[in-house]
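Subject: Handover of the two-chain model

Dear colleague,

I am passing the structure on to you with this message, and my notes on it follow directly below. Please read them with the coordinates open beside you.

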Amino acid sequence: MTVFIIRRMMQALLVVFVMSFLVFGGVFVVGDPTEILVADDADQAERQRVIESMGLDRPFYEQYFSFLGKALQGDMGDSFVFDEPALLLILDRLPATLELATASLLISVVFGLPLGVWAGLKPDSITARTIMTGSILGFSLPTFWVGIMMMLLFAVVLQWLPSTGRGDVGEFLGIHSSLFTWDGLQHVLLPAVNLALFNLSLVIRLARAGTREVVHQDYVKFARAKGLSDSRVIFVHVLKNIMIPVVTVLGLEFGGLVAFSVVTEFVFAWPGIGQLLIMAIGQLDRPVIVAYLMIVVLLFVTLNLLVDIAYSLLDPRVRLRDIKA
Amino acid sequence: MSFIRKLGGAALAVGILASPAMPAMAAEVTIGIRSEPSSMDPYFHNLGPNNAMIGHVFERLIDFDSKQQLIAGLATSWKPISDTVWELKLRPGAKFTDGTDFTADDVVYSFERADGYEGGNSSFRTYTKGKTVKKIDDMTIHIETESPYPLMPNDLTTIMIMSSDAKGTGEAGKNKGVDAKDFNDGTATIGTGPYKFVEWKKGDSIVFEKNDGYNGQLPQDWDKVTFKFIPEEPSRVAALLAGDVDMIDNVPTVDIERLKGEADLDLSQGVSNRVIYLHLDQERDKSPFVTDKDGNPLDTNPLKDPKVRKAISHLINRDAIVARVMEGVAIPAGQLLPDGFFGRSPNLTADAYDPAAAKKLLAEAGWADGFGLTIHGPNDRYINDAKIAEAVAQFLTANGIPTKVETMPKNVYFSRASKGGPDGTPEFSFILVGWGSGTGEASSPLKSLLATHDPSKGMGASNRGRHSNPEMDKLLLEALATVDDAKRATLLAKATDIGIGEDQGIIPLHYQVNTWATQKGLTYNPRTDERTIAYDLSPVK
């Protein structure tokens, strides 16, 4: 297993390296950030000065290698726009995104599992059909549109919830998060539900499929024959066995939530890393874009690895080994 | 609504506590804005959102009112005492928020830091270079230039004055040892302005409190001001409708009609200093996006002929663009600045839509059969920019100049438009751009857009069509050295008459009109410089 982990780490480094080259080169080709950053009425000399102070006058390979050299020491460069270390900018915003992703994951599980199990137990009932149709909507409606609609309904028409932004931050066990204040919870609800819709639908479908499969298996039949109560059969025997695929998928999806909550964050003016990424792309803030994507790659590789390890621990039939070509 | 709610809440709190230390009524206001500044350092980045936000805390020597007319800031009077020396009297009794007195030393210090700024995204050197600030006594300074410099007061509206006692964490030699981040966390954000800095939550909000020690003339209606950054247009409108914010800026044109119908809301609209215009390639004989009607390259460039440019101007129905594309929220333009600005030409009005006259001009120029064009423009920079480009293309296509449209995000567009071609030349032939006059008068656009492109002199920096007319250049240079206001205004007007009237070096389309929306009971002074500032927002009296 150690060999497996080491090999995985090496692969991860290679992926990060290739990715850094692609993104760095891609943003380099797109355009020159100084054209957007520099004041309109600056003269040519001032433009040249800014270009030189950002090192953009040097040839591509020089810029890339000096970036690589620094990156190896953990310095991803300073943001062109803010002139602060790109990594710090991202870490500064990460908690907001993490709490949004966590809240959204909780919503998917807490609502998705019961709904899915229900749909799996009584597949022909009207409720089950409604749930499944709803889950199709959850997959297919664009996040952007749903976000705006939710905002119009709950913030503008009903005025139950605040429309945008992050609420007050509280502290609990040394962790600072807006999930610990009432104001913060009110603010996080709409964006979290918006972000959860896709995963909610996913969990419903996984739970339903799992339940449908499991209820016909012998041990469930045996449990029923033994005279166990319905609730015990469902909560202990069925639920336990459908959890493995759900947990696996959600583990990976969490990475997706953190990395790609871009649309939701933008719509709800949520001060997380997704919004930072949008701004960075709009202003060609290359250090921030590259640092962001490298962090995302590392996140995914790590999550994948953890899921694999957890899987082998949960299910003794799975063994971690290299599959050589 | 939230404004009223908060007022109510505050009044209630006062009633319950009845503490003598409580203010009679705590007036708080929350403003939803589109763009977050990139720094609180006054010299880090010469950028609209920065200048607006930082201006709450730091004052300039001379300030602009909402119509970009000069008003006293930290200087109470300014006048030239010789051809090359301006004398400024400073405002007595002004104090920084750390309690120290404001003196001439702070002005000298601020100019030194602004002029020598290292790093940053575009310095204020454009406005500080060639100027020497001398302290005469604590309350008097002289600013010397090498040659007569009439734009002194306008330039001084850009440089904010910081405290020479500010302490930072940077290297000693660089930017006086004060880094941009020292301003972002409040360490060095010590100004004399109407508000003091409380906190900046990146990506979320900036909070100011009233500066009780302020002794200038700007109104201070609010005890606490919160700016929330809501970049997405529908979300910003929703936040206003929901009552979460008391005002928003950059109201999208599509929502204006709807918001007018809301009984709880008010709109403030005002023309800006920004003209939306078309630039045409006047330099190359073979221009890459000028073709014959079938799309084959042409050996001669019709855009070099002023008659053709004039004809194109007459083929564009500005009234229709304003009415349909801009939903009535814009003013057709015939020159660089709207009514009321310094240095406008009295002779120029927006060209009328007149296909017959245009065809005659085209025939005179030898292009009666027309030719083909491609218009390039941004799609996320100006109000409805992509739609304007499409409308222009349709007018031209309908009148014998088949025109293709290509729009792209601004991060791609501007570097291609400025230097995407071979040897760093402009890549396109026919482009849509906008220009806001930061100095509030005509020399700024004349110098950047129409003066002959010459990096060594710093002229024509944004002249992407490479218009060049020595006669206009001469008038402009003369204007830039004429201290007498009336004479200078005439010279600038003459230069405009040549650059736009005779040459049609650019084709102005319209002046942008900006819209702010507030909750009922509040009113905003629409600013021509497009800034959103708390001291221009006040309760209706």
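A polar contact, as the term is used here, is a pair of N or O atoms within 3.5 Å, where within protein one atom must be able to donate a hydrogen and the other to accept it, and where residues adjacent in sequence count only if both atoms are side-chain atoms. By that rule, 17 residue pairs are in polar contact across the interface of chain A and chain B, with both residues of each pair at pLDDT 80 or more. Please keep in mind throughout that this is a predicted model.

The interface between the chains

On the side of chain A that touches chain B, α2 (34-37), α3 (44-53), α5 (86-121), α7 (143-157), α11 (262-267) and α12 (273-282) of chain A each contribute at least two residues. The largest share of that side, seven residues, is supplied by α3(A). Sorted by class, the side of chain A that touches chain B is made up of 26 nonpolar, ten polar and 13 charged residues.

Taken as a whole, the contact involves 49 residues of chain A and 55 residues of chain B. The area buried between the two chains comes to about 4,000 Å², and carbon and sulfur atoms account for 49% of it. Within chain A, the residues that lose the most area to chain B are Glu35(A), Asp41(A) and Gln44(A), which together make up 16% of what that side buries.

Salt bridges

Over all chains, the structure holds 38 salt bridges, and the rule finds six across the interface of chain A and chain B. Glu35(A), already mentioned for the area it loses to chain B, forms a salt bridge with Arg464(B), in which the closest N and O atoms are 3.9 Å apart. This pair crosses between chains, running from helix α2 of chain A, where Glu35(A) sits, to the loop between α14 (443-450) and α15 (470-480) of chain B, where Arg464(B) is found.

A second pair is that of Asp43(A) and Lys129(B), whose closest N and O atoms are 2.6 Å apart in a salt bridge. This pair, too, crosses between chains, from Asp43(A) in the loop between α2 and α3 of chain A to Lys129(B) in the loop between α4 (125-128) and β6 (132-137) of chain B. Asp43(A) has a relative accessible area of 10% and is therefore buried, whereas Lys129(B), at 45% relative accessibility, counts as partly exposed. The side chains of Glu84(A) and Lys202(B) also meet in a salt bridge, at 3.2 Å from N to O.

Within chain B, a salt bridge joins the side chains of Asp454(B) and Lys457(B), at 3.6 Å from N to O. Asp454(B) counts as partly exposed at 21% relative accessibility, while Lys457(B) is exposed, with a relative accessible area of 62%.

The two domains of chain B

Chain B is divided into domain 1 (41-182) and domain 2 (272-513), and the centres of these domains, taken over C-alpha atoms, are separated by 34 Å. Their contact takes 13 residues from domain 1 of chain B and 15 residues from domain 2 of chain B. Between them an area of about 950 Å² is buried, of which carbon and sulfur atoms give 58%. Gln68(B), Pro150(B) and Leu151(B) supply 53% of the area that domain 1 of chain B buries against domain 2 of chain B, which is more than any other three residues supply.

Which polar and charged pairings join the two domains? The count of salt bridges between domain 1 and domain 2 of chain B is zero, but the rule does find four residue pairs in polar contact across their interface, both residues at pLDDT 80 or more. The side of domain 1 of chain B that touches domain 2 of chain B consists of eight nonpolar, three polar and two charged residues.

One buried glutamate

Glu87(B) lies in strand β5 (residues 85-90) of chain B and counts as buried because its relative accessibility is 17%, the cut-off being under 20%. Its side chain makes a polar contact of 2.8 Å with the side chain of His142(B). Leaving aside residues up to four places away in sequence, Glu87(B) touches Ser77(B), Trp78(B), Lys79(B), Ile81(B), Thr140(B), Ile141(B) and His142(B).

With best regards

Methods: Residues are numbered from 1 along each chain as its sequence is written. Chains are lettered from A and ligands numbered from 1 in the order in which they are written. This is a predicted model: local features need pLDDT of at least 70, side-chain atom pairs count only at pLDDT 80 or more; totals for chains, interfaces and linings use all residues. Side-chain values use heavy atoms; hydrogens and water are left out. Contact means heavy atoms within 4.5 Å. Buried area is the accessible area (1.4 Å probe) that two parts lose on being put together, summed over both. A salt bridge is a side-chain nitrogen of Lys or Arg within 4 Å of a carboxyl oxygen of Asp or Glu. Helices (H or I, at least four residues) and strands (E, at least two) are DSSP runs, numbered from the N terminus. Ala, Val, Leu, Ile, Met, Phe, Trp, Tyr, Cys and Pro count as nonpolar, Asp, Glu, Lys and Arg as charged, and the others, Gly among them, as polar. Domain bounds come from an automatic or database domain assignment. Buried means under 20% relative accessible area, exposed over 50%, partly exposed in between (1.4 Å probe, protein chains only).
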